[in-house]
Amino acid sequence: MSSIIQLLPDHVANQIAAGEVVQRPASVVKELLENAVDAGATDIKLIVKDAGKALVQVIDNGKGMSVTDARLCFERHATSKIRLAEDLFSLGTKGFRGEALASIAAIAHVEMKTKQAQDELGTQIVIEGSKFVSQEVAVLPQGTSFAVKNLFFNIPARRNFLKSDTVEYRHIIDEFQRVALAHPNIYFTFYHNGSEMFNLPMSSLRQRIVTIFSGKMNEKLVPVQEGTEIVTIEGFVSKPEFAKKNRGEQFFFVNDRFIKSGYLHHAVMAAYDGILKDGAQPSYFLYLNVPPNTIDINIHPTKTEIKFDDEHALYAILRATIKHSLGQFNVAPILDFDRDANLDTPYSYKDLEGETPTIQVDRSFNPFSDDKVNKHYSSYKKPEPTANWESLYVGLKQDTDVFTSNADFSFETDEVTGSLFNDEEVEQAVHNSYQIHKKYIVSPIKSGMVIVDQQRAHQRVLYEQFLTNMTVQQASSQQLLFPLDLFFSSGEMELIEDLKLSLVNTGFVFEDGNTDHVVISGIPVNITESEVSMVLEQLLSDLQDGIPESSFSQNDTIAKSMAKSLAVKTGTTLSIKEQENLVNGLFACKDPNVSPFQKPTFITMRVEDLDKKFAI
Ligand code: ADP
Ligand code: MG
């Protein structure tokens with residue numbers, strides 16, 4: 001039998017390797033920036049067009065390459081950074097695998113210009129899909145410029161697989177920030193489609209963080225510092241009161257390389273134990289330096305995961321160091337044994353209930369408004385004439401399919417399917433609701449009782465309101481006396497820009513802001529001023545988790561996110577009136593059965609079910 005195994009030609013091998021190294025335009029950004037850093041550059045420019053799909057260019061003032069190296073650098077396993085296998089354990093550079101440029105050249109059009117300081121002239125090379133197109137001598141400044149165009153031009157499947165520009169741009173910002181944060185002593189600039197997105201002069205670490213993440217970051221940071229034999233730790237963590245809902249600003253650098261580590265993240269969270277609200281995420285920028293022979297970087301093609309020799313010790317040191325810093329800067333609570341009882345809150349105060357947030361139902365929202373309803377409405381004896389939630393409620397009786405569609409609620413008998421409440425029961429349900437465990441609202445209905453989950457129900461009500469506002473585009477907004485100035489990072493600003501139209505449709509009014517902040521002069525009626533920043537932060541965090549592609553799902557994400565932020569939470573005491581509004585608001589919804597997150601909002605129990613339970 002003839003032999004069938006062949007060595008793959010280089011360009012095929014390179015394309016295969018590219019699959020691992022280059023997943024998206026952001027991967028090119030990462031590799032080129034890292035090469036520029038390794039070349040000792042002090043000034044690095046990143047130029048991107050169409051979220052990197054059209055162009056990723058990195059220009060550096062580093063040491064450049066000789067004519068021979070300029071040609072060689074595109075070969076696979078061609079590197080100047082290691083020679084022996086042992087060198088892997090004394091790495092001082094970002095690169096060492098010698099495959100980034102070979103991979104990139106295999107799947108894009110690359111134009112490289114490079115010149116060393118000692119050379120009179122430089123070299124210019126064009127290579128497309130691993131084929132050298134031209135090589136010329138040229139007059140060039142010192143340093144290197146790589147322009148990568150038409151990424152994946154020869155792999156249509158990969159090109160089609162790329163996400164929207166917003167998503168790909170977000171990934172590029174992430175990679176840029178990671179390199180820029182690791183090297184505050186390098187001047188970085190970043191242009192996207194001709195606009196300058198970041199301009200980061202050489203600075204201290206603190207200044208670098210603040211310049212990237214906007215001025216409001218400064219007051220949030222607590223310095224961290226520790227030196228031991230196995231690790232030195234430097235950097236900043238955020239004060240617990242500034243913890244965010246998303247994990248956006250969490251960075252570990254090991255020997256100046258950004259890495260991901262669930263284990264070390266856990267150590268940081270352990271240091272915050274007991275001082276963060278549930279689910280809140282601190283920001284952190286932690287720089288660990290360890291002897292290079294105690295880590296293995298070569299366990300992942302993109303080199304963002306590494307193996308430590310002594311993970312357990314690192315965990316303990318990191319946790320203790322951060323705990324100490326938080327304590328030293330007085331941000332962690334101190335146990336107070338000598339408390340003066342006279343200073344305690346007086347009983348009469350202590351036992352008073354906190355003010356409960358009001359649930360606001362959009363008063364103009366009446367999906368069933370017609371004359372019949374209005375007639376019915378006026379003949380109906382309202383417990384409180386000022387509220388008009390009843391109109392929603394009464395409308396329900398006309399629109400029976402709200403309930404007939406509840407096929408999964410098989411326990412409902414025909415008799416009650418058409419209408420959940422009858423006329424007398426309107427009064428009953430209205431007057432007899434009861435809140436249990438600050439979580440459920442129980443109301444009697446004709447067939448038995450309904451138990452409503454307050455948080456999920458309110459999410460449903462708000463979600464439908466927001467969605468209606470956004471799609472029908474007639475939300476009212478409340479004018480703010482003093483416009484709000486909110487600062488965001490430039491990545492967040494881009495997202496907000498994308499969302500502006502949808503946000504305006506929910507009732508936000510934006511004034512002309514700047515590149516790093518938005519000015520809001522009007523807000524939706526169902527938000528209070530103090531909730532605005534929380535709502536927007538939650539929204540940005542939800543969007544970063546999964547940015548929707550179409551405008552429909554963008555509206556949906558906004559409505560869901562705002563409903564989640566603004567819904568009354570489990571644990572909130574509701575007045576009778578609020579309970580009623582909520583229950584009735586829920587049953588006026590198009591889809592009252594489930595929360596926007598597809599969780600059941602209520603259950604019903606028939607009298608027969610209760611009878612059965614008592615029969616035993
Ligand atoms: P690696 O970085 O792992 O060595 P690359 O494929 O990224 O592999 O680069 C190959 C070689 O090309 C590098 O080792 C370096 O010698 C050279 N090189 C790449 N980029 C630059 C640059 N911006 N300036 C100078 N030399 C560079
Ligand atoms: Mg490299």
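Trainee: Are Phe 587 and Phe 602 buried or exposed?
Mentor: A residue is buried under 20% relative accessible area, exposed over 50% and partly exposed in between (1.4 Å probe, protein chains only). By this rule, Phe 587 and Phe 602 are both buried.

Trainee: What kind of model is this?
Mentor: Residues are numbered from 1 along each chain as its sequence is written, while chains are lettered from A and ligands numbered from 1 in the order in which they are written. Side-chain values use heavy atoms, with hydrogens and water left out; local features need pLDDT of at least 70, side-chain atom pairs count only at pLDDT 80 or more, and totals for chains, interfaces and linings use all residues, in what is a predicted model.

Trainee: How is the pair of Phe 176 and Phe 198 classed?
Mentor: Rings of Phe, Tyr and Trp (its six-membered ring) pair if their centres lie within 6.5 Å; planes under 30 degrees apart are stacked, over 60 edge-to-face and the rest tilted. The structure holds 18 aromatic pairs. In the pair of Phe 176 and Phe 198, the centres are 5.2 Å apart and the planes stand at 40°, so by the cut-offs the class is tilted.

Trainee: How many residues apart are Phe 176 and Phe 198?
Mentor: Helices (H or I, at least four residues) and strands (E, at least two) are DSSP runs, numbered from the N terminus. Phe 176 belongs to helix α6 (residues 165–182) and Phe 198 to strand β8 (residues 195–200). Both are buried. This pair links distant parts of the chain, the separation being 22 residues.

Trainee: How far apart in sequence are the parts that Phe 587 and Phe 602 tie together?
Mentor: These two rings form an edge-to-face pair, 4.8 Å centre to centre with 75° between the planes. Phe 587 lies in helix α20 (residues 576–587) and Phe 602 in strand β22 (residues 602–606), so the pair ties together parts separated by 15 residues.

Trainee: Which ring lies under the charged end of Arg 71?
Mentor: A charge sits over a ring if NZ of Lys or CZ of Arg is within 6 Å of the ring centre and within 35 degrees of the ring normal. The charged end of Arg 71 is 3.7 Å from the centre of the ring it sits over, that of Phe 132.

Trainee: Which residue in the turn between β4 and β5 has a positive phi?
Mentor: Strand β4 (residues 122–128) and strand β5 (residues 131–138) are antiparallel, with seven bridges; Gln 124 is partnered by Glu 136. The two strands form a hairpin with two residues between them, and the residue with a positive phi of about 55° is Gly 129.

Terms used
Two strands pair if DSSP finds at least two bridges between them.
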